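User: I am new to this structure. Please show me how to read its features step by step.

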Amino acid sequence: MSRVLFDAEAIRTLATILADTGLTEIEIIDNESRIRVARTPAPVTYIGGAPALAAPAVAAAPVSQVQAAPVAQEAVSAVDDAKHPGAVLSPMVGIAYLCPEPGAPSFISVGQPVTAGQTLLLIEAMKTFNQIKAAKAGTVSKILVGNGAPVEYGEPLVIIE
């Protein structure tokens, strides 16, 4: 049996990337070596009206079906939003920003008409801000992410009717 040596510096670098970008997992594969670093995400506080996530309880009580129902409904709603023909899906993992800089007005608001190619929001990934633009003209009917919220690939961000 051969002994595998790990590159501690590579692991530290990947951990730094996770911390800087807000990602929860990163994996590098090179020839026959593979390094995967994962972490548990910190609780997210939404700014601008979205509810803050509660910290997990130390002693968990049994979950009843009544408590589980809203979570199931939210999951179904997210799936429905992703399948909506006007859904703008995240092309990457990163942090969503609804305004160009802190204190500035948001790019869009619910009920606002948008044109094809108009910037809807920004996603920061690896210290790069990527403009997410409208694929078609229409009216913003839903904004599904909060400012500063982490987003996953394929996650619905905005619905344009």
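User: In what order do the 4 strands of the open sheet that contains β3 stand, and is the pairing parallel or antiparallel?

Analyst: This is a predicted model, where local features need pLDDT of at least 70, side-chain atom pairs count only at pLDDT 80 or more, and totals for chains, interfaces and linings use all residues. Residues are numbered from 1 along each chain as its sequence is written, and side-chain values use heavy atoms, leaving out hydrogens and water. Now the general idea: strands of a sheet pair through backbone hydrogen bonds, either parallel or antiparallel. Strands are DSSP runs of E, at least two residues long, numbered from the N terminus. Two of them pair if DSSP finds at least two bridges between them. Here the order is β3-β10-β8-β5, and the pairing is antiparallel. β3 (87–89) and β5 (113–114) are the edge strands, each pairing on one side only. Inside the sheet, β8 (residues 138–143) and β10 pair over 3 bridges. Isoleucine 143 stands opposite valine 158 in β10.

User: How many residues lie between β6 and β7 in their hairpin?

Analyst: There are 2, and methionine 126 in the turn has a positive phi of about 55°. β6 (residues 119–125) and β7 are antiparallel over 6 bridges. Alanine 125 has threonine 128 as its bridge partner in β7. Leucine 122 stands opposite glutamine 131.

User: How many aromatic pairs are there?

Analyst: Rings of Phe, Tyr and Trp (its six-membered ring) pair if their centres lie within 6.5 Å; planes under 30 degrees apart are stacked, over 60 edge-to-face, the rest tilted. The count is 1. The ring centres of tyrosine 97 and phenylalanine 129 are 5.8 Å apart with planes at 50°, so the pair is tilted. Tyrosine 97 is in β4 (residues 94–97) and phenylalanine 129 in β7, so the pair ties together parts 32 residues apart in sequence.

User: Which residues touch the most other members of the largest nonpolar core?

Analyst: In soluble globular proteins, nonpolar side chains tend to be buried together. A nonpolar core is a set of buried (under 20% relative accessible area, 1.4 Å probe, protein chains only) Ala, Val, Leu, Ile, Met, Phe, Trp, Tyr and Cys residues joined through side-chain atoms within 4.5 Å. This core has 16 residues; Val114, Leu120, Leu121, Val145, Leu157, Val158 and Ile160 touch the most other members. β6 and β10 (156–160) each give two or more residues to this core.

Conventions: Buried < 20%, exposed > 50% of the residue type's maximum accessible area, 1.4 Å probe, protein only.
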